[in-house]
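Hi everyone, thanks for making time for this. Please bring up the sequence and the structure on your screens, and we can walk through them together.

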There are 4 protein chains.
Amino acid sequence: MAIDKECKLASRSHSDERTIISINGVDIGGSKLVVMAGPCSVESPQQIDTIASIVAKQGAVILRGGAFKPRTSPYSFQGLGENGLKYLRNAGEKHGLLTISEVMDSDQISLVANYVDIVQVGSRNMQNFSLLKKLGRINQPVMLKRGHAATYQDLLCAAEYILDAGNSQVILCERGIRTFETYCRNTLDIAAVPILHELTHLPVIVDPSHGTGLSRLVSPMARAAVAAGADGLMIEVHSEPSSALSDGQQALDPEQFATLMHSLINRSSCSV
Amino acid sequence: MAIDKECKLASRSHSDERTIISINGVDIGGSKLVVMAGPCSVESPQQIDTIASIVAKQGAVILRGGAFKPRTSPYSFQGLGENGLKYLRNAGEKHGLLTISEVMDSDQISLVANYVDIVQVGSRNMQNFSLLKKLGRINQPVMLKRGHAATYQDLLCAAEYILDAGNSQVILCERGIRTFETYCRNTLDIAAVPILHELTHLPVIVDPSHGTGLSRLVSPMARAAVAAGADGLMIEVHSEPSSALSDGQQALDPEQFATLMHSLINRSSCSV
Amino acid sequence: MAIDKECKLASRSHSDERTIISINGVDIGGSKLVVMAGPCSVESPQQIDTIASIVAKQGAVILRGGAFKPRTSPYSFQGLGENGLKYLRNAGEKHGLLTISEVMDSDQISLVANYVDIVQVGSRNMQNFSLLKKLGRINQPVMLKRGHAATYQDLLCAAEYILDAGNSQVILCERGIRTFETYCRNTLDIAAVPILHELTHLPVIVDPSHGTGLSRLVSPMARAAVAAGADGLMIEVHSEPSSALSDGQQALDPEQFATLMHSLINRSSCSV
Amino acid sequence: MAIDKECKLASRSHSDERTIISINGVDIGGSKLVVMAGPCSVESPQQIDTIASIVAKQGAVILRGGAFKPRTSPYSFQGLGENGLKYLRNAGEKHGLLTISEVMDSDQISLVANYVDIVQVGSRNMQNFSLLKKLGRINQPVMLKRGHAATYQDLLCAAEYILDAGNSQVILCERGIRTFETYCRNTLDIAAVPILHELTHLPVIVDPSHGTGLSRLVSPMARAAVAAGADGLMIEVHSEPSSALSDGQQALDPEQFATLMHSLINRSSCSV
């Protein structure tokens with residue numbers, strides 16, 4: 001594998017030490033599991049405030065919420081845009097949470113980066129190299145989600161575009177790949193965690209919500225990800241999943257999220 | 001399948017008649033096979049002129065050539081940018097060929113559209129929905145390549161973003177999908193041709209160069225695509241494949257291209 | 001690739017010349033396209049006789065029909081067993097057709113081989129190595145179908161088990177692989193034809209019926225297979241597809257089969 | 001999904017209670033994690049005795065070891081046959097371990113069943129329906145490994161063949177599926193654990209050795225499987241992995257196995 005050459009800044013040959021990305025006292029890639037949680041889409045100020053309150057109480061430290069939504073169909077809900085970003089930031093500030101949201105286009109970068117702490121690149125844009133190069137010029141962490149059919153090397157080369165352009169704060173996210181099995185939305189590739197940890201020094205987050213697409217599978221897969229050594233989790237949580245404007249079937253309700261967080265408290269017991 | 005609803009403008013329910021896209025006397029989607037040919041990347045004025053001369057002589061009607069290149073690694077040749085577009089247009093005009101080139105970012109649209117007849121969206125950007133929406137507002141044909149792990153419905157929904165934004169001139173391109181088989185770069189899904197023809201009224205082009213990644217497989221797969229009913233082919237041709245700056249291993253040399261074109265002359269003999 | 005070593009008898013390094021398997025004047029792997037046709041399952045003496053008459057009239061030279069059926073569910077029709085083989089042979093003899101049928105277990109080999117000209121190994125048994133070794137000891141041609149997730153090398157190594165045990169009459173069959181795309185039953189990998197022809201001297205047959213699972217796609221994919229250089233086709237034909245006991249949705253009716261055969265008459269026009 | 005109909009005996013509709021398979025005081029599918037461990041192949045009486053001693057000491061309760069080996073190439077080591085079974089049973093008896101070994105052909109069933117406690121069906125034979133039917137008539141537990149491209153429904157329908165023929169003692173085993181990612185031998189589908197637990201009452205074992213093919217990934221993936229709720233693990237262990245006759249690169253050495261077992265002792269801490 002030519003990872004050392006084609007993805008040299010991302011590879012372990014560049015750094016023996018794991019990269020820790022610190023944001024206002026939250027370390028991503030350190031010894032403590034980082035939980036990012038929140039709704040698929042920001043829907044209203046009340047909705048994001050309610051959910052922020054719930055996830056903060058259970059120990060999440062980063063609030064997620066989409067404002068620009070990459071939907072397969074143009075007729076699906078496309079997100080609230082800048083208003084969504086405002087509501088997200090307000091809810092984050094009120095409940096002491098960092099924020100993360102997705103950027104879909106290079107002309108949205110400064111807008112999104114202005115509101116959130118971490119800029120997310122979705123799986124469909126993992127190889128949008130123009131976008132990646134421009135994200136390499138901002139001074140903020142970027143979370144890069146693995147594409148549906150991206151190999152580990154593809155993912156690291158995509159990260160390399162950001163690193164090479166000058167931004168060393170890159171977080172990787174495994175969120176499921178496409179396989180012949182269609183019972184779930186995707187096949188969550190838990191082995192990506194130890195494999196990426198051997199190939200790169202960058203932190204590795206797992207998203208079992210998109211990785212399975214079914215709320216009842218989120219908790220066992222979250223525990224599996226932690227047991228395999230994930231640095232963090234991204235979990236979709238909604239106060240009323242059945243009325244969510246997008247992806248409600250994969251969101252945990254407040255009680256399910258509380259149960260999951262309790263089972264994860266003692267992370268070291270699983271990852272010895 | 002919800003294609004009639006989620007991709008209504010792209011679906012057969014919207015139009016019983018096949019869409020024919022006419023550009024300066026060239027019909028894409030009509031009764032005549034359309035061949036797009038040229039190098040992976042425009043490398044110099046001389047290179048693209050030489051190749052244009054070769055492909056025009058053999059019956060190609062559209063000249064391809066990348067100026068902005070989506071390369072997996074940031075350290076690979078990234079294309080000549082605007083100069084590449086100029087050289088491409090000059091060569092096309094000189095040899096009586098239409099031109100096609102890829103746009104990688106929404107801020108390149110007006111530049112690329114200014115130089116070429118058909119704007120191409122690569123497989124890695126098939127679900128770059130911001131880009132698609134903006135391409136829906138230009139008055140030029142767009143060729144949309146299928147993503148590595150995109151279903152037929154995903155492809156049609158991506159086309160729908162362009163159609164719904166007002167541009168009805170969309171061409172689809174099958175270029176291989178990712179499977180467990182790694183002998184080739186991709187698995188060229190020839191069945192996409194008759195399947196897309198039953199699902200949509202849009203023209204379907206096949207790219208056996210990316211679809212196989214190996215020049216010796218390009219001709220048999222090109223013939224297979226035509227036999228399955230493809231409206232056109234996109235073929236990589238280089239005057240000296242071994243010295244190409246990108247993807248030389250999948251380019252036909254002038255003699256191979258001539259042989260292929262001769263075998264395709266009588267299209268009807270295969271597609272009865 | 002270690003094909004020359006691990007599959008040495010199957011590989012081109014063992015033989016530069018294509019293997020031609022001759023059975024009663026029918027050459028498989030020669031210059032003439034060989035068409036195997038018939039129902040998924042033998043259902044009755046009348047059914048197989050009617051279908052044999054139809055396919056013989058249109059130019060098929062080998063009659064297919066299952067007597068032992070590998071069905072995903074134990075509650076689906078499992079075939080007529082030895083009676084099915086008898087009816088198949090009688091119909092073949094009456095209409096001047098060779099016969100092929102599947103063996104599912106090593107203890108059925110002598111029974112099946114006694115009735116048919118070519119013994120078929122289905123995709124689910126492609127790596128049933130005990131069965132393959134025993135088929136290496138019979139003096140009859142064996143057609144080996146590619147497994148759902150078998151690489152070209154896996155297929156050749158499976159053939160090697162038969163060749164190494166002493167039976168040189170092996171025919172390969174591409175019948176579709178499993179991918180993320182579920183519109184069709186399988187993704188028919190047409191590139192397998194030229195690729196297997198470069199890796200091995202054995203004949204290559206394509207089965208577009210299983211390869212697509214949908215009768216309306218069988219003819220375009222059959223033509224594509226021929227255009228790519230296939231040595232033969234295996235086509236499911238039923239006198240009344242809608243009342244077939246198995247796989248009726250992928251069977252051609254007599255008229256569709258006649259139309260397909262007419263379009264294939266002049267094979268050379270496509271495969272120049 | 002038609003699981004309730006096509007795989008009715010395997011489905012949860014047949015039994016609300018989880019099936020526990022008890023063999024000489026070992027419960028598979030009960031509250032305690034069951035570890036099966038041993039070499040890929042039985043190589044000699046000394047080798048299997050040494051390894052049995054090691055794995056028994058660390059808490060494994062079932063000794064694995066292949067005597068009939070399904071190897072991709074006919075020129076690879078094919079196993080010791082009946083002698084291998086003898087050595088396996090002797091080592092198991094001496095060290096107080098149950099035994100499991102693979103059957104490759106229906107004519108080996110009585111031989112294998114005579115020596116071992118659990119008869120294993122390998123992934124390549126998962127849809128060898130003749131073999132499955134005959135295993136339905138023995139009075140011993142059968143462990144059925146998921147095929148490389150088998151859906152959950154395919155796996156349950158294969159189990160149904162055994163159950164329907166009269167043998168209710170079926171154990172399922174997830175061992176990785178084939179995907180586009182080739183860094184590992186397979187993609188271990190950890191989600192299969194909670195999904196199979198919702199679809200069926202049968203116990204679910206995970207094999208991270210075949211599921212990854214790389215010894216350094218076995219322990220994190222074993223922990224992930226347990227965290228997701230697996231009823232047991234099958235782990236390849238060799239006293240000297242580098243000199244193993246088969247699959248040495250995926251075997252744990254004694255120290256690695258000891259470390260893994262210590263990390264698994266307190267199962268409940270992960271699977272709450």
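Predicted model: local features only at pLDDT ≥ 70, side-chain atom pairs only at ≥ 80, totals over all residues.

Now look at the N-terminal end of helix 10 of chain A, which is capped by A:D253. A side-chain oxygen of A:D253 lies 3.1 Å from the backbone nitrogen of A:E255.

How many residues of chain A are in contact with chain B? The answer is 35, and they touch 35 residues of chain B. The size of an interface is often given as the accessible area lost when the parts come together. For chain A and chain B that comes to about 2800 Å², with 46% of it on carbon and sulfur atoms. Which three residues supply more of the area that chain A buries against chain B than any other three? They are A:T72, A:Y75 and A:R178, and together they supply 21%.

There is charge pairing here too: six salt bridges are counted between chain A and chain B. A:D105 takes part in a salt bridge with B:K134, their side chains meeting at 2.6 Å, N to O. As for polar contacts, 24 residue pairs are found across the interface of chain A and chain B, with both residues at pLDDT 80 or more.

Which helices of chain A each bring at least two residues to the side that touches chain B? Look for helix 1 (3-6), helix 5 (129-135) and helix 6 (152-164). Helix 6 of chain A gives the largest share of that side, six residues. Sorted by class, the side of chain A that touches chain B holds 13 charged residues, along with eleven polar and eleven nonpolar ones.

How are these two chains related?

Now please turn to chain C and chain D. Chain C superposes on chain D, at an RMSD of 0.0 Å, by a rotation of 180° with 0.0 Å of shift along its axis. The two copies are therefore related as by a two-fold rotation axis. In chain C, the C-alpha nearest the axis belongs to C:A149, at 2.8 Å. Here again the same surface serves both copies, with 100% of the contact residues of chain C recurring in chain D.

Chain C and chain D touch through 35 residues of chain C and 35 of chain D. The area buried between them is about 2800 Å², and carbon and sulfur atoms give 46% of it. C:T72, C:Y75 and C:R178 supply 21% of the area that chain C buries against chain D, more than any other three residues.

Six salt bridges are counted between chain C and chain D. For one to look at, D:D107 forms a salt bridge with C:K134, where the closest N and O atoms are 2.4 Å apart. Across the interface of chain C and chain D there are 24 residue pairs in polar contact, both residues being at pLDDT 80 or more.

Let's finish with two backbone details in chain D. Most residues other than glycine have a negative phi. D:N24, however, has a positive phi, near 45°. You will find D:N24 in the loop between strand 1 (21-23) and strand 2 (26-28) of chain D.

The other one is D:D247, with a positive phi near 55°. D:D247 sits in the loop between strand 10 (232-236) and helix 10 (254-264) of chain D. Are these two residues buried or exposed? D:N24 counts as exposed because its relative accessibility is 70%, whereas D:D247 is buried, with a relative accessible area of 14%.

Notes
Residues numbered from 1 in each chain as written. Chains lettered and ligands numbered in written order. Heavy atoms only, no water. Least-squares fit on C-alpha atoms with pLDDT ≥ 70 in both. Contact = heavy atoms within 4.5 Å. Buried area = accessible area lost by both parts, 1.4 Å probe. Salt bridge = Lys/Arg side-chain N within 4 Å of Asp/Glu carboxyl O. Polar contact = N/O pair within 3.5 Å; in protein donor to acceptor, adjacent residues only side chain to side chain. Helix = DSSP H or I, 4+ residues; strand = E, 2+ residues; numbered from the N terminus. Nonpolar A, V, L, I, M, F, W, Y, C, P; charged D, E, K, R; others polar. Buried < 20%, exposed > 50% of the residue type's maximum accessible area, 1.4 Å probe, protein only.
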